[in-house]
Amino acid sequence: MSDEYAVRTRDLWKIYPQEPRPVEAVRGVDLMVAMGEFVAMAGPSGSGKTTVLNLLGGLTRPTRGEVWIEGLEISSLTDRALAEVRMNRIGFVFQSYNLLPVLTAMENAEFTLLLQGVPAPERRRRVRELFSEIGLEGMEDRLPPKLSGGQQQRVAVARAVLGEPALVLADEPTANLDSATAEALLDVMEKLNRDKGTTFVFSTHDPRVMERAGRLIRLVDGRIENSAVGTG
Amino acid sequence: MPKHDGDIWRRIAWRNLWRNRRRTVITASALSFAFAAAVLMIALMDGMLEEMVSNGTRVVTGQVQIHAQNYDPERSIHDTMGGRGGLDVAALMDAVDAVGGVTGAAPRVYGGGLVSTGDESAGAVLMGMDPAREEGVSRFGAALVEGRMPGPGEIAIGADMAESLGVGTGGEVVLVAPAADGSTGNELFAVSGIFSLGMGGFDETFALLDMGSLQDLVAMDRDRIHEVAIAVERTGDAEAVADRVEEAVAGLSEGLLTEPWSVFQARLYFVTSLAAAMNTMIAVMIFGMAVFGVANTMLLATFERRREFAVARALGTSGGAIMRIVVIEGLFLGLVSLAAGAALAVPVVVYFHEFPLDLSRFVGTYSMMGSAVRPVLTAEYSWDGPLVSALALVATGIVSALYPAWRTLRVPPADALAGR
């Protein structure tokens, strides 16, 4: 499989066994995201956006179908190998920030670097550099509860991109943020996408995000309804 | 997976431990009390066992004995050390005295006979001994309720025997005893003292004589003795001292047998070993119960954090590392509890060691396996009990964490993130 795609899926299905009838959350999704794309997946609640992101990130296994990340088929990997793929190739940003509450902003941001075995001085340097770029200077030693929602989400973005993954998956990253904070966060992600070539795939129903996406994919009932070049 | 700084897992585990301070304090308190209870109980049990062993061996027998190989179990008058020719007793005693860990050694000659006065008579075990040396081994001297230890031509008898014979200090008794040469020895002895060991068997049947006097009575040369009773500093060291004594006396005569009290007081040894095994069982039961309590707490703690673990896994943390965090947390809980438990247990153990609780108001002295046990609650210092309890405590923390950790890993990260 070619490496020109950051993400590629073929006939991807996720069915949850449930009574009285299994739930088909994702139904035959074929998706291709090129390196460096800034893609938004939109759709109503229950359309399967989060499940698709989870499948792309290897956080859950497909019922059938295949997922390639940078040409590596991940759906048949062991848990350990999947963890390694996530560590080296994928960054996550969650709707509710999900910072580790016992770690400071600095420790949260450097977490992936630490897993990658980057030496402490290098980790600190990279975090400080990025923090100054995204307006988190001076927040290094704060624990998450001492940060605002916007600051927490920026730390989460820093954590996602610092390991220099090929792909960042963001699940409704602006959902809990006010307009100004959401715009600022999008600026940060756009800048990272532009400057570092990081591929972003969002799930969202925030029009601000959709507007700025390079491509908009609409999901309805677990299927891709259409995929169109965005205005961003 | 690349190597990384393991410090992060310890940091996360330690901080997690104190996130819910109240819960951690309550759980650690439960473990600390379990530890303190186990240590105190073992120390008190050890105190009782030490009392039993001490009374069982320090009153008469000593903790190590040397005999002729064929002396036990018949204890024939003819089976003296070194055979019928005997041995150099002074050299033997010098060799024993020089062994490290020996605090006293006393040579003895035994015979059996009839003690009579007027119309009364009693069968007796006659023990010929050296009063000065007996002081370091047995408690006859300390148990004298009247008079003094016997010199040549004198005898000291137990209080019960004195009562049945109707004789006191200054009185006279006739001893009739079969001698080693086949004749029957008989002699008049002055009662120099009366002892009371508080143990019926000895007070009723034991009679002490100066060693030379008994040897004369039973027609034995001065270099013929039946036993050397040896006292050691710690009863627990008896076996090691016995080995050293055996080595030290090996060149002095053929056929010498050196045995620790665990051999010649086998029943007492069995009972104390059983009690020690029970100590371990009770400690296991205490911590076995604690495991469920702590596991429940850890289960709650990890269940509450399943989303965090899922996030860590989403970022690339391996299952092994997640497991490590939870297990290290259990280890820290164990160590914190250990520190608190030790702070609780040590002063109590020291108190009961220094100031034994006298329960004689409620219970009288009782005898177990031929050993008098005073009704005194005393704690004995030992490393074994606290060490086993400490290991059990830390193991409790770790084992309690394993199941919750395993449970955490079974849930796919996406499900945990979605709260499923």
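Visitor: Which residues have the most contacts inside the largest nonpolar core, and how many residues does that core have?

Guide: A nonpolar core is a set of buried Ala, Val, Leu, Ile, Met, Phe, Trp, Tyr and Cys residues joined through C-beta atoms within 7 Å. Buried means that 20 or more other C-beta atoms lie within 10 Å of the residue's own; 12 or fewer makes it exposed, anything in between partly exposed, with C-beta atoms placed from the backbone. Here the largest such core has 131 residues, and Ala158(A) and Val201(A) have the most contacts inside it. Helix H2 (residues 21–58) of chain B gives the largest share of this core, 14 residues. Another core lies apart from it and has 65 residues, including Val102(B), Val115(B), Met149(B) and Val249(B).

Visitor: What kind of model is this, and how are residues and chains labelled?

Guide: It is a predicted model, in which local features need pLDDT of at least 70 and side-chain atom pairs count only at pLDDT 80 or more, while totals for chains, interfaces and linings use all residues. Residues are numbered from 1 along each chain as its sequence is written, and chains are lettered from A and ligands numbered from 1 in the order in which they are written. pLDDT is the predictor's confidence in each residue, from 0 to 100. Chain B has a mean pLDDT of 86, with 95% of its residues at 70 or more. For the complex, the predictor gives an ipTM of 0.85 and a pTM of 0.69.

Visitor: Which residues does Ala158(A) touch?

Guide: Contact requires C-beta atoms, placed from the backbone, within 7 Å. Leaving aside residues up to four places away in sequence, Ala158(A) touches Ala109(A), Val127(A), Leu130(A), Phe131(A) and Ile134(A).

Visitor: Why does Thr198(A) count as buried?

Guide: Thr198(A) is buried because 22 other C-beta atoms lie within 10 Å. Its place is the loop between helix H7 (179–196) and strand E8 (199–204) of chain A; helices (H or I, at least four residues) and strands (E, at least two) are DSSP runs, numbered from the N terminus. Beyond residues up to four places away in sequence, Thr198(A) touches Val161(A), Pro165(A), Val168(A), Leu192(A) and Asn193(A). Thr198(A) and Val161(A) are 37 residues apart along the chain, with their C-alpha atoms separated by 7.8 Å.

Visitor: Where is Leu147(A), and is it buried or exposed?

Guide: Leu147(A) sits in the loop between helix H5 (120–133) and helix H6 (149–162) of chain A. Leu147(A) counts as buried because it has 20 C-beta neighbours inside 10 Å. The C-alpha atoms of Leu147(A) and Ala105(A) are separated by 8.5 Å, for residues 42 apart along the chain.

Visitor: What is the strand order in the open sheet of chain A?

Guide: Strands pair if DSSP finds at least two bridges between them. The open sheet has 4 strands in the order E2-E1-E4-E5 (chain A), with antiparallel pairing. Strand E2 (23–34) and strand E5 (72–73) of chain A are the edge strands, each pairing on one side only. Between strand E1 (residues 5–16) and strand E4 (residues 64–69) of chain A there are 5 bridges. One bridge partner pair is Thr9(A) with Val67(A) in E4(A).

Visitor: How many residues of each chain are in contact with the other?

Guide: 22 residues of chain A are in contact with 24 residues of chain B. Helix H2 (79–89) and helix H4 (111–116) of chain A each supply at least two residues of the chain A side, and H2(A) gives the largest share, 6 residues.

Methods:
Two residues are in contact if their C-beta atoms, placed from the backbone, lie within 7 Å.
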